[in-house]
Amino acid sequence: DRLKEEWDGIDPIAEAFVRADRYAATLDAVYSQAKMMGAENATLVFEGDDGAESCPECQAMKGKKHTIKYILENDLKPYPGTESYSCKGYNCMHYWVNPKTGEEYR
């Protein structure tokens, strides 16, 4: 509906790229969540750059270690739209990483 109403002011290529990026980010989050669910007993560390915005919750979590089970049960995975962090996961670049393998869970 928005596209129909605003078609004259929208760059179709830019709109397509924005939608594709959002779709890809959603798929990445689903994949990461599935990987985490398969290894609940592994311990991860909260790391990453602050990015454009880093909320107090992200700052408090930096360097903290938790099991994947605890992270999932308490919704501590930063992802776009999360309610667990006041930055909503949109502008920070934090993630969980397995210190033993270096595998990142974004």
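The backbone oxygen of Asp49 lies 3.5 Å from a polar atom of the His94 side chain. His94 belongs to strand 3 (residues 93-97), strands being DSSP runs of E of at least two residues, numbered from the N terminus. With a relative accessible area of 6%, His94 is buried (under 20% relative accessible area, 1.4 Å probe, protein chains only). Not counting residues up to four places away in sequence, His94 touches residues including Phe46, Asp49 and Cys58 (contact: heavy atoms within 4.5 Å).

This is a predicted model, in which local features need pLDDT of at least 70 and side-chain atom pairs count only at pLDDT 80 or more, while totals for chains, interfaces and linings use all residues. Residues are numbered from 1 along each chain as its sequence is written, and side-chain values use heavy atoms, with hydrogens and water left out.

The structure has two aromatic pairs (ring centres of Phe, Tyr or the six-membered ring of Trp within 6.5 Å; planes under 30 degrees apart are stacked, over 60 edge-to-face, the rest tilted).

| Pair | Centres | Planes | Type |
|---|---|---|---|
| Phe46 and Tyr85 | 6.0 Å | 20 degrees | stacked |
| Phe46 and Trp96 | 5.1 Å | 70 degrees | edge-to-face |

Phe46 in strand 1 and Trp96 in strand 3 are 50 residues apart. Phe46, Tyr85 and Trp96 form one aromatic cluster. Phe46 is buried at 1% relative accessible area, Tyr85 is buried at 1%, and Trp96 is buried at 0%.

Cys58 is in contact with Phe46, Tyr85, Cys87, Cys92 and His94, leaving aside its neighbours within four places in sequence.

Definitions and conventions. Helix = DSSP H or I, 4+ residues; strand = E, 2+ residues; numbered from the N terminus. Buried < 20%, exposed > 50% of the residue type's maximum accessible area, 1.4 Å probe, protein only. Polar contact = N/O pair within 3.5 Å; in protein donor to acceptor, adjacent residues only side chain to side chain.
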